[in-house]
Every structure is written in structure tokens, then in C-alpha cells.
Amino acid sequence: KFELTRLLRPEKYAETARIARLQPYDPNKFVALVVHGLMDTPATWTPMLNTLRGDEEIRRNYQFWFFSYPSGYPYPYSAMILRRELDAIEKKFPLHKPMVVIGHSMGGCISRLMITDVDERLWTQLFRKPVKDVNLKPETKELFVETLVFRHRPEIGRVIFISAPLRGSEMATQRL
């Protein structure tokens, strides 16, 4: 029931959208940022991360971060939140090595938007005119621009997709 509520009423869990670290930031290690899938939480990664952290080489070279979000949001909106989180973190913890992002399921779709250049293509498909010609309240327009107009994140060096429906999913056509 808890996860269904997160899916159907994501605004109740807005404060859960954030990046968290397992350990203090170490500029000498690569960051591996994991992004959970639909109706999941960062806890989903526990078995895999325990195994990975059991490897001395991985433990010596990588630090694991989590991006958590209410999975009922449209994934471009969650990607916008992740971009905001990365901007804030970059100010506190400048990355010295390229980040690795691991996205599972819908988390893979969010991760894909971190390495994509869209410019105004999505905006134009949705509104049928350029940003400057769309008349919206300023705060609404800003939200749409931030969600639909973006460039790849240069700090990300690699993305690993795990069961990511990058070409859509039959589940999207079901009733719910």
C-alpha cells in the first residue's frame, strides 16, 4: 500500500526527492549514482551494493550515492529534480572524476535524460511553437522549460542501464 500511495500521490512524498551518500564524500573516488525504478526505493539496491562493496577494488575506487524520488512523477520531471540536485551537490562536492550512473527500470529512463541533448525539441513537440512564443505564467513556463529543455550533464562519464524501458513499455498502455 505504501508504494502504491507513492505512485498515485507523489506530491505527498516530494521531500523524499534527493541525492544521499552512503559515506562522506571522497574526491579521489568515482561516484556511482544509483537511481531506483518505479515503485521502488534506494533500499532496492542494498543486496547489489553489499556485494559490490565487498570487492576491495570497488570499495577502494568507488563511492555510492542514491537518487530517491517519488516514482509517481512523470520521469522528465524526476530528471529535472535530479539535475537540480546535481547542481547543488556540485557546488559542495566538485567532482574530480567522471560520475557513473546506474539506472534500473524507470530510473534508467531518468538516467538517459542525464546524457541527452534535447534543446527545444520536446518543447516544440508539446507546444507546437518555440519557447519565446508560448504565453504561460512565468513560474509555469520556467518549470516547463526546466523539465523539457536541457543538455547532457558533462560530469557523467558513463550510464549503466538495468532493465530500462528506453523504447517504452507495454505497462504504459494498461489502465492504471
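Phenylalanine 67 is buried, and tyrosine 69 is likewise buried (under 20% relative accessible area, with exposed meaning over 50% and partly exposed in between, for a 1.4 Å probe and protein chains only). The model is a predicted one, in which local features need pLDDT of at least 70, side-chain atom pairs count only at pLDDT 80 or more, and totals for chains, interfaces and linings use all residues. Residues are numbered from 1 along each chain as its sequence is written, and side-chain values use heavy atoms, with hydrogens and water left out.

Aromatic rings of Phe, Tyr and Trp (its six-membered ring) were paired if their centres lie within 6.5 Å, with planes under 30 degrees apart counted as stacked, over 60 as edge-to-face and the rest as tilted. The count by this rule is 8 aromatic pairs. The pair formed by phenylalanine 67 and tyrosine 69 is stacked, because the ring centres are 5.5 Å apart and the planes stand at 20 degrees. Tryptophan 123 and phenylalanine 127 have ring centres 4.4 Å apart and planes at 35 degrees, so this pair is tilted.

The latter two residues are 4 residues apart in helix α6 (residues 121-127) and are therefore separated by about one helical turn; helices are DSSP runs (H or I, at least four residues), numbered from the N terminus. Tryptophan 123 counts as buried at 0% relative accessibility, whereas phenylalanine 127, at 21%, counts as partly exposed. One aromatic cluster is formed by Tyr25, Trp65 and Phe93.

Charges over rings were assigned where NZ of Lys or CZ of Arg is within 6 Å of the ring centre and within 35 degrees of the ring normal. Arginine 83 lies over the face of phenylalanine 150, 4.2 Å from the ring centre. Lysine 97 lies over the face of phenylalanine 30, at 4.7 Å from the ring centre.
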